[in-house]
Amino acid sequence: MQNILPESRVGQTNIYQKMNFYRKSFVSVLLLFFITMAYAQSGTNSPYSQYGLGQLTEQSSGFNRGMNGLALGFREHNQVNYMNPASYSSIDSLTFIFDVGLSGQLTNFKEGTQKINARNGDFEYAVAGFRAFKHVGVSFGIIPFTNVGYSYAVTDYLGDTRTTTYTNTYSGSGGIHEIFLGAGWEPFKGFSIGANIGYIWGDITRYVTNSYSDSYVNTLSKYYKSESYSYDLDFGVQYSVNINKKNNLTIGVTYGLGHKLGTDPECLVISNNPSTGVADTTSFSVKNGYEIPTTIGGGFVWIYKDKWKVGADVNYQKWGSIGFPVYNVVNDVQSYELSSNYYKDRYKFTAGGEFCANENSRRFIDRVHFRLGTSYVTPYYKVNGYDGPSEFSISAGFGIPIVNAYNNRSILNISGQWVHSSAKDMLTENTFRINVGITFNERWFMKWKFE
């Protein structure tokens, strides 16, 4: 008895130390997240982000990105798949999952014979998930919605004079972000439903300045600004069936509610006389000028021997039915009003999959997830009446298990992605992006026994 009691206390102390380590790790990651949010650069340098609400973000987590965003049919017990909230019901009942992701990218811009490179990095997402009740999973987190970030100038001669030049300077920054809370429920075996409710906020600013080398010609500047504060509501359904002992099929469907963002975008037009220093400002605004579209998605994942997972997704966003505020001058009359010919419906097609020999194996290589994916995306806006750039992309990645004295369930997700954006007679972009996500998976809800 004298030897048992001290050993029991030592065992309890070790367990408490491990639990304290996990808590400290979690708090450290949260602090890192907030620091990153405070100092992260914009997620894009693309001039195309000046159109619409900006560049639409991936909105996928680390494990999805290795498959180029494939998500709607995935039901993972150790990952948070917030792109289909019905999947939350599959989260392991003993664990708390926290997932955070960052990215860095190099983009080459080409127009005619001119080329330029740009680098930037960005915070991507931070999400968490756990089992709340039997057959009910819960998730919450923060994800980007759109990104705006660009700065460039165009200089040329004014008319046929070959003496006076003009310079058009374009710049913009900002974006829209979302905090969400979601739940998924499996009312009966194989069938799950779920929903995410989110709070959307963000500001977008854009500047356009027309200046001239002739000091007698007025400088014209246009300043666009908006602040959005609204909600977001998404629903998901999944149905999973075992075809036989080796094959499983999961079908997923999602629906996102389209609505106004509750913001009145403004346009300030400033005419400045450089010789006198006198500026004349005209202000415009559009009531409820920004809106997000109805979104519908469908996809499947086929699983073979719990090793191979292959699937495809189709997403449709009904942008073409909504308007966007546009500044125009017709017969010297200025206007800033909604245009019904600015947006167009957007489609995204994705295919991909992963292979993992045995995620519970003692061999390290057998537990690694190998991923591959590709997608094609149509534009959601027009540029001067012509379709904007379409996108083609491919990705490959790994899910590497983190194995040490404290942990053997967490995963490091690393992927590389190449994105090609182009439109006829417009700028061409080639982007290489590295995505890094860390999924902390801890058994916080286990009942410890001491003897």
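**Loops, strands and salt bridges in a predicted chain**

D306 counts as exposed, with a relative accessibility of 66%. The cut-off behind that label is over 50% relative accessible area. The model in which this residue is seen is a predicted one. D306 sits in the loop that runs between β13 (295-304) and β14 (308-317). Its backbone has a positive phi of about 55°, although D306 is not a glycine.

The relative accessible area of H135 is 33%, which makes the residue partly exposed.

Two helices and 23 strands are assigned in it. Of its 451 residues, 45% are buried. When contacts between residues at least 6 apart in sequence are taken, 66% of them join residues at least 24 apart. The chain exposes about 23,200 Å², and carbon and sulfur atoms supply 57% of that area.

How far can the model be trusted along the chain? The mean pLDDT is 87, and 86% of the residues reach 70 or more. Residues 1-13 stay under 50, and the model has two contacts for them beyond four places in sequence. Over residues 34-41 the pLDDT is also below 50; this stretch has ten contacts in the model beyond near neighbours in sequence.

Leaving aside neighbours within four places in sequence, F349 is in contact with D313, V314, T374, S375 and Y376. F349 and T374 are 25 residues apart along the chain, and their C-alpha atoms are separated by 8.4 Å. F349 itself counts as partly exposed, at 40% relative accessibility.

Next come the charged side chains. Side chains of opposite charge can pair when their charged atoms come close. The count of salt bridges comes to ten.

Which parts of the chain does the bridge between E266 and K225 tie together? The side chains of these two residues meet at 3.9 Å, N to O. E266 lies in strand β10 (residues 266-272) and K225 in strand β7 (residues 219-242), so the bridge ties together parts that are 41 residues apart in sequence. E266 is partly exposed, with a relative accessible area of 29%. K225 is also partly exposed, at 30% relative accessibility.

A salt bridge also joins the side chains of E354 and K309, again at 3.9 Å, N to O. This pair links distant parts of the chain, with E354 in strand β17 and K309 in strand β14, 45 residues apart. Both partners fall under the 20% limit for buried residues: E354 is at 4% relative accessibility, and K309 is at 13%.

In the salt bridge between D366 and R363, the closest N and O atoms are 3.5 Å apart. Elsewhere, salt bridges that share partners join E76, K309, E354 and R371 into one network.

Methods:
Residues are numbered from 1 along each chain as its sequence is written. This is a predicted model: local features need pLDDT of at least 70, side-chain atom pairs count only at pLDDT 80 or more; totals for chains, interfaces and linings use all residues. Side-chain values use heavy atoms; hydrogens and water are left out. pLDDT is the predictor's confidence in each residue, from 0 to 100. Contact means heavy atoms within 4.5 Å. Buried means under 20% relative accessible area, exposed over 50%, partly exposed in between (1.4 Å probe, protein chains only). Helices (H or I, at least four residues) and strands (E, at least two) are DSSP runs, numbered from the N terminus. Accessible areas come from the Shrake-Rupley method with a 1.4 Å probe; for residues, only the protein chains shown count as cover. A salt bridge is a side-chain nitrogen of Lys or Arg within 4 Å of a carboxyl oxygen of Asp or Glu.
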